[in-house]
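Hi there,

Here is the structure I promised to pass on. Please have a look at it first, and then read my notes below.

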Amino acid sequence: MQYLILAGGFATRLWPLTEKRAKPLLPLGGKPVITHLIEKIPFDAPITVSTNAAYGESFQKWKHDFPNRQITIAVEQTRSDHEKLGALGAVAQWITNEHIDDDIFILTGDNYVGFSFSDFLKHYTPGIPLLAAHDIGSKEEARHFGTVVLHEDNKTVRSFEEKPAEPKTSLVSTGCSIIPKKELPILIEFAKQKPDNIGGIFEEFLRRRIHVHCFSFQEPWFDIGSFDTYLQAIIAVLGPGVEQAPDVHREELHYEGTVVIGAHSHVKRSHLRDTVIFENCIIEDCVLERCVIDNNCILKGMDLSDKMLRDGTRLIARKLRD
Amino acid sequence: MRHGVLIIIWLLTDLLLFIALYALAYFLRVGFIFSTDFPFDRFFIAITFVAPFWLIALIITRAFSLMRRQRHWRTGAYIGFCAILGTALFSLSYYFLFGIFFSRLLLVEAFFFTWFGLWLWHILFEKILRTQLHAHSVYPTLIVGVTRESGKLIALLQKEKNPLTPVAILDARGSKEKDIFGVPVKGKLDMLEHVLEEDRITHLIQCSNLEQSLNLLSACRQQGITYIVLPSVFGIVERDERVDRLEGQPVTTVSPKGPWWEWLFQ
């Protein structure tokens, strides 16, 4: 089986955190989001990470963290959001270019999944497409995802609807699936019509009366697509408390909820709540609530809430006259 | 560079025009002769001595600023204020240098000549300056946000040949428009760094996406770009705001509507 991780998005909703790094390379609990996926993949499995030209170099660098793994970085020659191939288009291009003739395990690089891949693989019946689904408990929220309705056996998919206006269920497809090699021609053909609709391939299989199986899981799952979901994932993965790198300097830090402080950062006389501070930052006399502060920021005397700050931001409040 | 040269020419011509207008007032009052009772050379020495101080006062009013509209009444008022100052300085200088006084009517004439003559020259020179700077896109400007406000602003900047030439637009939510009045929409904010570098942006005007103000400002500070924000970003759309100072701190104020004279005391 071939493992393909899709990491070709430009993550515009997470700008400016994604200005210099791809979304799957955002840190989550001390390591990039994508690393959580890699660690779940069997050690000797070949892995391809499909990305775009803007982030190709940073994935090449990240790959050095895994000298003993078979990781290939496939770079599609796109540099902006309007040029991109689409997720399914990228899969089809990779299958065609690399002459893939094997089952493929597709993962979206910006998803955090709590379940074990060996459990997922146990549910795979060779030749039958398999997708992982999670009950998010809200039909309203389910409108943003592909929804899955199962037969009575709780395994076979009865219907699949991509981003329905009125979902019938809150069981949604996650960024994890297996496409058997015999169905790859259908994928390539479908990708020509709808290159951006990766979930739509399951609708297509069902339309062609091809069985699709579903692996439902209860473990946590986060589709890190926005500031809110990124922060939610960090809070859920780390839990309450301060998570800090060993060489952090902190003095009079008051905190609530989950606080992450990256390497070489200094935090003084500040109150932080559910806030992530990346590396080499200086935070003094600040009140930060639900903020993500990128590398090399200097903040003094600032009160901020619900903000993402770009790399190198310098905000030093001038003192008001007494 | 081009702007710098034009500003130097502007300052020099202002200085020469100020002296010339005083000389004109002299000749109109005294007659086109070199009087021995009221010698021109003394008059010329006094006005040449005063002219640089008058020019400094005019510079301090920011009359030469890129953002200043010369035909606006406020600029006219500043030039008028400096003309009064010039007249006062000239009277004092002449008296201190030569211990005598002269025609009061000449002072009145000189005041009006310098006020209106220089205001007219400023309006003319602004046209030259704008034509030069706009045609050569000396100040490539990035517009952030595709909104009706930003559309109106681009149209106005183009119509008035403003030195700030819009060359690109970014929109945080992604716009279906390909261009606005010929200015290309180059994508979402993830393209910011690329556009700032590629188009050599000197000014950024934020027209929407309030939540990204800090990051846009941060990018501008890092790259030495002037950051401008429209009041509509804060919901101030009636154009009745003003920049004030509250205990020395700059603040934007919107006051309730009332009689015009309240404006002076609010």
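Predicted model: local features only at pLDDT ≥ 70, side-chain atom pairs only at ≥ 80, totals over all residues.

**What I found**

A:P16 sits in the loop of chain A that runs between β1 (2–7) and β2 (27–28).

**Chain A overall**

Chain A is built from eight helices and 21 strands. Its radius of gyration is 21 Å, close to the 20 Å that the globule rule gives for 322 residues, so chain A is as compact as a globular protein of that length. Along the principal axes, the C-alpha atoms of chain A fill a box of roughly 75 × 40 × 35 Å. Of the 322 residues in chain A, 42% are buried. If you take the contacts in chain A with a separation of 6 or more, 56% of them join residues 24 or more positions apart.

A:D274 is not a glycine, yet it has a positive phi of about 40°. This aspartate belongs to strand β16 (residues 266–277) of chain A. Is A:D274 buried or exposed? A:D274 counts as buried, because it has 22 C-beta neighbours inside 10 Å and the cut-off for buried is 20 or more.

A:D285 is also not a glycine, and its phi is positive at about 50°. You will find A:D285 in a loop of chain A, between β17 (282–284) and β18 (287–293). With 17 other C-beta atoms within 10 Å, A:D285 is partly exposed.

**A hairpin in chain A**

Strands β9 (residues 146–150) and β10 (residues 157–162) of chain A pair in the antiparallel sense, over five bridges. One of the residues to look for is A:V148, whose bridge partner in β10(A) is A:F160. Together β9(A) and β10(A) make a hairpin with six residues between them. In the turn, A:N154 has a positive phi of about 60°.

**Around A:L304**

A:L304 is part of strand β20 (residues 303–309) of chain A. This leucine has 17 C-beta neighbours inside 10 Å and therefore counts as partly exposed. Which residues does A:L304 touch, not counting residues up to four places away in sequence? They are A:L288 and A:C291. A:V292 is twelve residues from A:L304 in sequence, and the two are 10 Å apart in space, C-alpha to C-alpha.

Five residues from domain 1 of chain B and five residues from domain 2 of chain B take part in the contact. On the domain 1 side, the residues that touch domain 2 of chain B are two nonpolar, two polar and one charged.

Between the chains, 16 residues of chain B are in contact with 18 residues of chain A. Helix α7 (residues 213–223) of chain B gives the most to the chain B side, with six residues. That side of chain B comprises four nonpolar, seven polar and five charged residues.

Methods. Residues numbered from 1 in each chain as written. Chains lettered and ligands numbered in written order. Contact = placed C-beta atoms within 7 Å. Helix = DSSP H or I, 4+ residues; strand = E, 2+ residues; numbered from the N terminus. Nonpolar A, V, L, I, M, F, W, Y, C, P; charged D, E, K, R; others polar. Rg over C-alpha atoms; globule rule 2.2 N^0.38 Å. Buried ≥ 20, exposed ≤ 12 C-beta atoms within 10 Å, placed from the backbone. Pairing = 2+ DSSP bridges.
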